[in-house]
Amino acid sequence: MAASLSLLPPRPEPNAMADLQDEPHTDYAAPTAYTAYTADPVPAGPGTAGAEDTSAPAAGSALERAVALLSVHPVTDGHNTLVWTLRQSPYHDIDTPDSGVDTDIPRLRAGGVGAQFWSLLLPQEAAAPDQVLSDTLDQIDVALALMRRYPDGLCLALTADDMADARNRGRIASFLGPVTGRTLTDSLGALRAFHALGVRILAPAGAPWARDELTPFGHEVVKEMNRLSMLVDLTGCTPEVACQLAGASKAPVIVSHTAAAALKPHPGNVTDEVLLALRAAQGLAMVTFDAAQTGDSLHAVADHVEHVRAVAGPDCVGLGATFGTEPGVPRPAGLTDPSGYPRLVAELLERGWSETDLALLTWGNAQRVLRDAEFTARAAQHRRPA
């Protein structure tokens with residue numbers, strides 16, 4: 001097993017202005033790579049270095065407005081598989097443009113990504129639970145090494161305040177997870193160990209305690225995740241189990257990468273029933289850019305985003321593109337890597353989305369879910385007997 005004491009995550013730098021962290025800091029500069037999408041200079045938006053007003057983004061083309069909006073309300077991307085890719089091909093240097101993989105720091109900045117959930121799931125899990133646990137620890141080790149290797153671009157985040165602080169300092173807040181629920185068998189010890197290592201998301205799909213129904217042990221897992229402020233990721237669960245998990249959790253649950261089954265039947269897409277359960281739980285469905293789940297165009301992805309918003313509500317829709325792969329994975333045209341996010345935001349602007357709803361889509365909803373989970377954890381710890 002590759003895991004050792006080196007797995008212990010570095011503590012994020014404290015922010016003395018914790019109460020103000022939801023406000024963008026003037027040191028945060030809009031990524032210059034946005035100009036790749038337009039021949040004209042991109043106007044400085046609120047939150048951009050040198051910008052003095054805090055009004056809505058300046059009028060102009062939809063793409064210019066999208067760029068300005070993302071400079072203040074960057075994307076929180078719910079799913080990126082780069083950790084697995086780097087385990088297989090460790091020679092990639094993501095500090096510079098790298099054509100051998102679809103994710104690097106320049107393209108994350110070009111797309112206005114301000115926070116990233118780094119998936120620790122395995123494409124093919126071993127049959128033995130012990131091996132699954134060992135493989136997952138290796139994934140965590142690679143993820144933490146990634147944070148250490150690129151400290152000027154990536155910043156390990158454990159809380160919603162860390163997420164805002166990283167944005168204010170011009171870094172990409174990096175959350176670890178999800179890990180697979182199969183690592184938990186009849187003990188919660190592994191869950192607490194993952195939390196100590198910095199993991200903040202767990203996906204129950206495939207675990208014996210959440211396969212056909214949520215078992216009594218499954219209820220204990222959810223209760224402990226609530227106490228630890230770890231998010232439950234419903235990705236891959238059956239609609240029945242997903243609704244049970246959403247009902248059992250006192251904190252909001254998420255689906256880190258999905259699309260609308262009503263528009264395109266796919267095993268990874270959520271039904272309207274699940275979207276309504278997310279709405280009731282004040283959770284979050286994060287729409288993927290996987291062409292197999294959405295269709296092969298930017299327009300199709302926007303259709304899925306709009307359907308999720310229509311059913312789950314504007315407070316329960318987000319983005320989880322599922323980048324982080326080497327060439328060959330089908331992507332919708334215009335959304336082949338993280339730099340395409342401004343194009344999607346521009347498309348939604350042209351469809352009449354308000355900048356308020358777009359700010360929720362990109363940043364606000366994810367931060368609210370994290371804060372709600374933290375509030376639930378504080379309440380649970382306060383009630384816990386000594």
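At 49% relative accessibility, Gln 282 counts as partly exposed; relative accessible area under 20% means buried, over 50% exposed, and in between partly exposed (1.4 Å probe, protein chains only). The model is predicted, so local features need pLDDT of at least 70 and side-chain atom pairs count only at pLDDT 80 or more, whereas totals for chains, interfaces and linings use all residues. Residues are numbered from 1 along each chain as its sequence is written, and side-chain values use heavy atoms, leaving out hydrogens and water.

Gln 282 is not a glycine, yet has a positive phi of about 55°. The residue sits in the loop between α9 (272–281) and β9 (284–287); helices (H or I, at least four residues) and strands (E, at least two) are DSSP runs, numbered from the N terminus. Thr 322, also not a glycine, has a positive phi of about 70°. Its place is in the loop between β10 (317–319) and α12 (341–350), and at 12% relative accessibility Thr 322 is buried. The peptide bond from Gly 177 to Pro 178 is cis, with omega near 10°, and Pro 178 is found in the loop between β4 (172–176) and β5 (179–180). Most residues other than glycine have a negative phi, and most peptide bonds are trans.

## Chain overview

The chain has 13 helices and 10 strands. Of its 386 residues, 58% count as buried. The accessible surface of the chain comes to about 15400 Å², and 54% of that belongs to carbon and sulfur atoms; accessible areas come from the Shrake-Rupley method with a 1.4 Å probe, and for residues only the protein chains shown count as cover.

Contacts (heavy atoms within 4.5 Å) were also sorted by sequence separation. Among those between residues at least 6 apart in sequence, 73% join residues at least 24 apart.

## Strand pairing

Strands β5, β6 and β7 form an open sheet in the order β5-β6-β7, with parallel pairing. β5 and β7 (231–232) are the edge strands, each pairing on one side only. Two strands pair if DSSP finds at least two bridges between them. Between β5 and β6 (residues 201–203) there are two bridges in the parallel sense, and Val 179 has Leu 202 in β6 as its bridge partner.

β1 (residues 75–80) runs parallel to β2 (residues 113–118), and four bridges join the two strands. Asp 77 stands opposite Gln 116 in β2. β1 is mostly covered: six of its six residues are buried.

## Aromatic rings

Rings of Phe, Tyr and Trp (its six-membered ring) pair if their centres lie within 6.5 Å; planes under 30 degrees apart count as stacked, over 60 as edge-to-face and the rest as tilted. By this rule there are four aromatic pairs. In one of them, the rings of Trp 209 and Phe 217 have centres 6.3 Å apart and planes at 80°, so the pair is edge-to-face. Trp 209 is buried, with a relative accessible area of 3%, while Phe 217 is partly exposed at 21%.

Phe 289 and Phe 323 form an edge-to-face pair, 5.7 Å centre to centre and 80° between the planes. Phe 289 lies in the loop between β9 and α10 (291–294) and Phe 323 in the loop between β10 and α12, so the pair ties together parts that are 34 residues apart in sequence. Elsewhere, Arg 309 lies over the face of Trp 353, at 3.9 Å from the ring centre; a charge sits over a ring if NZ of Lys or CZ of Arg is within 6 Å of the ring centre and within 35 degrees of the ring normal.

## Pro 327

Pro 327 is in the loop between β10 and α12 and is exposed, with a relative accessible area of 65%. The C-alpha atoms of Pro 327 and Asp 102 are separated by 7.0 Å, although the two residues are 225 residues apart along the chain. Not counting residues up to four places away in sequence, Pro 327 touches Ser 99, Gly 100 and Val 101.

## Cysteines

The structure holds zero disulfides, a disulfide being a pair of cysteine sulfur atoms within 2.5 Å. Cys 155 is buried, with a relative accessible area of 13%. Cys 243 is partly exposed, with a relative accessible area of 22%.
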